[in-house]
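Good morning, and thank you for coming.

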Amino acid sequence: MAIISNATTIADAGAFSVSLGSMVLIKTITVSSAAGTVSFVNGTSSVVLNNTYPIYLFKFINIHPSADDGGLAVNFSVDTGSNYNVAKTSTNFEAYADEGDSDVAVNYSTSGDLAQGTGVQHLTGISSKMGYDNDQSASGELFLFNPSSTTFVKHFISEFNQSDYRNYTWRRNVAGYCNTTSAVDAAQFSMTSGNIDSGIFKLYGIKDS
Amino acid sequence: MGVISNGTTLLDAGAIDSGVPTGAMVLIDTVTVTNAGNITFDGSLATGFSSAYKEYIFKLIDIHPAATGADYTFQVGTSSDTDFDQTITSTHFRAFHNEAGNTTSLAYSASHDLAQSTSAQILFNGVGAENDESCVGTLHIFDPTSTTFVKHFIFSGTQYQQSDYAIAHHVAGYFNTTTALDRITFFFSSGNQAGTIKMYGIK
C-alpha cells in the first residue's frame, strides 16, 4: 500500500519514494586495539562496494599509529580481497609546517606517488611519519569513483591532515587511478610500518539518483 | 503504530525506522547575514559542535566583505574558553591568476599559516568588495569534541581578490588542544560581511 500525502507518494513497495539524502553510510569500522589492516570487502560484513553506487567515500577519523614510523596506506582488490595488488598510477603532493615556524613548504612527493605500482598507495606519512603521541592522529577522506566499471580505470582522490612525529602539521593530497578494467570490489588500509592502534573508518555510498 | 509497506517497516515510534538508509550528511544549520561582524555557531544563534557527529562540514557561499581588501578568517572556542583563541598550527598554499592573464603562481604562503598561534586562521586574503566579488569554500573539522586528540581541519576555497585575481586557497592544520571544541566563528579582519554559511554533520 502506498503512502500518499497531498497527492505526493511518500512511500511505496517497501521503500520511501522521497529523497532521504544522497550520502548513505554503509559501514563503520572502529579500531580500538592494534590491527594490522582494515578491510572493506563487498559482500562481507554488510559492506557494499559494487555497482549500487557510482561514487564511494571513505572517511578516516583520528587514525592513530602504534609507532612513530610510517603512515596510512591503501590498496585495492579485484577478487574480493584475495589479493590487494591492483596497478596504480598516482600523484602525491604535500604541504607542511612545524610548530616552531621554521620549516614550511608545499612540494610534489615523488616518494609517495606510484607509476603502475601494485604496492600500497601512501595516504599519509612518507617523508613525514605519523606521530604516535597520545594526542596525535590523522584525519581525512578518500573518494573512489565507479569501482564496478568494466570499461574504465577507477579514479581515486584523497586528502588528509596529520600530526607528524616531529610536531609538524602535514597535509597530503593524493589522486590517481587503478589501472584495471576489472571491477574493484575491496579496499584495504594499513600502516606502512607497525599497526593501526586506533581510529574510525567509515564507508559511504553516494547515490546517482 | 508502525508504518509497514510491502513487509518493510518504514516508520515506527515517531521516527524513520533504523533499517531504512537515510542521508549521512545532515544539514544542521544555515546562517545568512547581510551586514554582520561575525557568523558564529555556538549554540546561541546557531548550533555549535557536539559529539553527535565525528565530522562537520561548513559550506561558505558568496561571502562578501563590506570593506575591500579584508582577510576572511575563522577561530574556535570551548565551553570553558569562549574567546575564540585556540592554539593553531597550520599550512596554507595558494594558486592565483589575474584577469590580465600575465601573473600566475602556485606557492606556499608563509604569511597566512600559523605556528602555535592563537590568532584567527586566514582562509582568504584581500577579498574584493565590489558588488559581484565574493569567496566560496568548504571547511572540514574532524572530531571537534575529542578529549584525546588534537582536532584536524582541512579547507579549500576560491576568491575574487581585490586586484582582480582568482585565488584558490588550501589550508589545513590542527587545533592543538585536547579540550572539546563547542563553537566556531567566521569574520573579516576588518569590516562586516554578507553571505551564507551552512553547517553539516556527517553521521
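I shall begin with chain A as a whole and then turn to its aromatic rings and to a ring cluster in chain B.

Please bear in mind throughout that this is a predicted model. Chain A contains 16 strands and zero helices. Its C-alpha trace spans about 65 × 35 × 30 Å along the principal axes. Of the 209 residues in chain A, 49% are buried. If we take the contacts in chain A between residues at least 6 apart in sequence, 73% of them join residues at least 24 apart.

The side chains of chain A include 10 positive and 18 negative ones, with the centres of the two sets 7 Å apart.

Next, the aromatic rings. Over all chains, the count comes to 27 aromatic pairs. One of these joins A:Tyr96 and A:Tyr168 in a tilted arrangement, with 6.0 Å from centre to centre and 55 degrees between the planes. Which parts of the chain does this pair tie together? A:Tyr96 belongs to strand 8, residues 88-98, and A:Tyr168 to strand 14, residues 168-178, so the pair links parts of chain A that are 72 residues apart in sequence. Both tyrosines, A:Tyr96 and A:Tyr168, are buried.

Finally, in chain B, ring pairs link a cluster whose members include B:Phe41, B:Tyr53, B:Phe74 and B:Phe186.

Terms used. Residues are numbered from 1 along each chain as its sequence is written. Chains are lettered from A and ligands numbered from 1 in the order in which they are written. This is a predicted model: local features need pLDDT of at least 70, side-chain atom pairs count only at pLDDT 80 or more; totals for chains, interfaces and linings use all residues. Side-chain values use heavy atoms; hydrogens and water are left out. Helices (H or I, at least four residues) and strands (E, at least two) are DSSP runs, numbered from the N terminus. Buried means under 20% relative accessible area, exposed over 50%, partly exposed in between (1.4 Å probe, protein chains only). Contact means heavy atoms within 4.5 Å. Lys and Arg count as positive and Asp and Glu as negative; His and the chain ends are not counted. The place of a charge is taken as NZ of Lys, CZ of Arg, CG of Asp or CD of Glu. Rings of Phe, Tyr and Trp (its six-membered ring) pair if their centres lie within 6.5 Å; planes under 30 degrees apart count as stacked, over 60 as edge-to-face and the rest as tilted.
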